[in-house]
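Let's take a look at how two protein chains sit together, and then at a couple of pieces inside one of them. Have the picture ready as you read.

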Protein chains: 2
Amino acid sequence: MFYIGIDVGGMSIKGGIMSQSGNLIHKFSVPTASGYDASHSISADVKSCIDGLLAQSGVAVSDIAGIGIGHPGSIDSERGVIRYSNNISLTDVHMVEELQRDFDLPIYLDNDANCAALGEYVYGAGKGYRDVIFVTLGTGVGTGIIINGKLFEGRAGAGAEAGHMVIRQDGEACNCGRNGCWERYASASGLIRQTQEQMDADPASAMHAIAAQSGGVNGMTAFCAARAGDESGRKVVDRYISYIAEGILNLVNIFRPDAILIGGGVSHEGTFLTDPIQRQVDRFNFGAQFNPPTVIKAASLGNDAGILGAAALVTQKH
Amino acid sequence: MFYIGIDVGGMSIKGGIMSQSGNLIHKFSVPTASGYDASHSISADVKSCIDGLLAQSGVAVSDIAGIGIGHPGSIDSERGVIRYSNNISLTDVHMVEELQRDFDLPIYLDNDANCAALGEYVYGAGKGYRDVIFVTLGTGVGTGIIINGKLFEGRAGAGAEAGHMVIRQDGEACNCGRNGCWERYASASGLIRQTQEQMDADPASAMHAIAAQSGGVNGMTAFCAARAGDESGRKVVDRYISYIAEGILNLVNIFRPDAILIGGGVSHEGTFLTDPIQRQVDRFNFGAQFNPPTVIKAASLGNDAGILGAAALVTQKH
């Protein structure tokens with residue numbers, strides 16, 4: 001049997017056919033439309049992606065055990081409904097019901113961060129652990145929580161939004177309406193903002209040349225500079241790491257997982273990023289001397305985590 | 001059948017015999033010793049409490065289905081071990097194993113905050129919900145988390161320490177080693193400190209007379225003054241409530257429970273406390289328009305929550 005995983009993003013809908021051993025034997029994608037309405041539904045585009053996968057791979061529908069879909073936003077995974085999504089502007093889309101008209105297969109829908117967590121858990125850096133939290137540092141901070149081998153999503157799939165945990169009360173305004181959310185500080189967007197601010201404060205920093213060379217400030221600018229010995233770069237990186245570690249420590253004290261995996265572009269910094277976080281976690285977790293440790297690791301699947309995790313919804317979730 | 005619940009505290013070891021319908025038919029307590037060592041173990045005092053309960057109630061051991069014990073500190077509930085406890089200074093006490101020598105019954109040990117949560121869930125303000133978080137505002141902030149009707153304690157029982165979630169990075173020093181933990185601000189001790197500070201800043205506040213009348217500043221001083229229209233009292237209460245709400249909102253975004261129950265002395269303020277928290281939670285929870293609400297309520301069992309919850313370990317946990 002094979003499994004189909006679909007990862008819906010703001011730019012494209014990416015799909016893959018996964019073998020029983022967890023290999024992606026075929027990938028296909030279609031662009032995400034700039035807007036959806038009654039005449040052109042997102043479910044129709046997901047269907048096109050599935051049709052393309054089947055046609056190009058030559059795998060028969062009868063060999064597919066099920067379809068899993070990861071979608072951004074607030075997902076009611078129990079009912080298979082996109083409650084609402086910001087970046088792809090949608091509310092109340094009954095995607096599973098709509099796709100079930102075309103595919104007589106088990107179909108599961110979940111939040112994309114949850115799918116990525118499941119992917120890393122089953123096939124990636126989280127393999128072999130029981131309790132794992134996957135933290136994606138991107139535009140925002142997404143968190144996927146695996147407890148005892150199962151996704152924990154909160155009631156009606158409306159939890160696991162640890163990016164919107166306030167770590168600096170009365171801090172920077174977040175688009176969720178609160179101030180000081182973790183994602184304001186620990187996201188890649190936050191890092192870029194922090195880098196820009198430090199560059200403004202220090203015209204002599206090596207970050208200026210590094211940014212110019214790569215066509216502008218990005219999530220690597222400060223890390224590059226820090227590695228090269230630039231003090232301002234080091235300062236940005238140290239502070240950014242303290243933001244990540246603060247939220248991770250909160251999650252350790254609440255969940256005490258075996259491992260916390262860090263994903264997103266910045267995770268390519270590897271142990272340069274994870275070692276100092278590990279040190280802070282080891283030192284400051286509650287009852288550190290007596291309680292079991294939590295390992296901090298970079299995620300390993302990159303962009304495929306979403307597709308593999310969506311496919312794994314079929315095998316793992318129910 | 002009957003169930004024995006034991007609630008170990010710094011001052012006394014309180015026990016109760018609970019009927020199948022959840023009534024405490026008999027209570028008994030023994031004082032907690034000022035220190036324990038090889039010659040005088042805490043397990044021996046717990047045994048005395050159980051012996052006293054049985055002797056005074058006349059209930060036969062053969063009619064007891066099991067014993068549950070709530071103990072402060074870091075508890076390995078899977079192994080029945082007190083990993084360490086601060087206020088009763090203990091490390092690595094194998095309490096279940098020790099008691100099993102005297103009682104041939106199922107015996108369960110868990111953190112006292114978890115037991116209180118379970119008590120409120122099964123017999124108190126949490127009855128009828130599926131996912132409930134119990135937050136006790138006392139010397140510290142204790143949290144007990146019920147997911148899908150079961151205690152969630154983190155790996156090896158070392159999680160559910162949301163009192164040690166930082167909400168104000170670089171804030172007040174906490175005895176756990178971090179800065180800005182929720183319990184520094186939202187505990188009764190925090191409230192008393194905040195009250196004292198505001199009194200120092202405002203010698204004309206009604207809080208001075210209120211405190212003098214009750215023999216000193218306590219957790220009711222600011223609430224009393226606020227109800228009487230004192231502006232400084234109102235200021236303390238508003239800020240204190242914003243601290244409680246900030247942590248509760250974090251928990252809502254992570255767990256999205258049906259209800260969050262507030263316990264501890266300050267919960268006697270009732271809706272004067274819970275209404276403004278409910279308003280902040282309703283307004284600022286993530287995706288408030290689309291996601292299911294979380295109810296904020298005062299706990300209802302008072303001091304019996306710990307005993308009832310410990311007894312409920314026997315019926316609920318395994």
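What follows covers the interface and then some strands of chain A.

## Before you start

This is a predicted model, where local features need pLDDT of at least 70 and side-chain atom pairs count only at pLDDT 80 or more, while totals for chains, interfaces and linings use all residues. Residues are numbered from 1 along each chain as its sequence is written, chains are lettered from A and ligands numbered from 1 in the order in which they are written, and side-chain values use heavy atoms, with hydrogens and water left out.

## Where the chains meet

Counting contact as heavy atoms within 4.5 Å, 48 residues of chain A touch 48 residues of chain B. The buried area is about 4,200 Å², and carbon and sulfur atoms give 52% of that. Buried area here is the accessible area (1.4 Å probe) that two parts lose on being put together, summed over both. On the chain A side, Arg155(A), Gln169(A) and Phe286(A) lose the most area to chain B, together 20% of what that side buries.

How many salt bridges cross the interface of chain A and chain B? The rule (a side-chain nitrogen of Lys or Arg within 4 Å of a carboxyl oxygen of Asp or Glu) finds six. Arg178(A) and Glu246(B) also meet in a salt bridge, 2.7 Å from N to O. As for secondary structure, helices (H or I, at least four residues) and strands (E, at least two) are DSSP runs, numbered from the N terminus. Helix H8 (231-255) of chain A is among the elements supplying at least two residues to the side that touches chain B, and H8(A) gives the most, with nine residues.

## Strands inside chain A

Two strands pair if DSSP finds at least two bridges between them. Strands E2 (residues 12-19) and E3 (residues 24-31) of chain A pair in the antiparallel sense over seven bridges, with Ile17(A) standing opposite His26(A) of E3(A). Their hairpin has four residues between the strands, and Gly22(A) takes a positive phi near 90° there.

Strands E12 (residues 259-263) and E13 (residues 295-298) of chain A run parallel, joined by four bridges. In this pair, Ile262(A) has Ala298(A) as its bridge partner.
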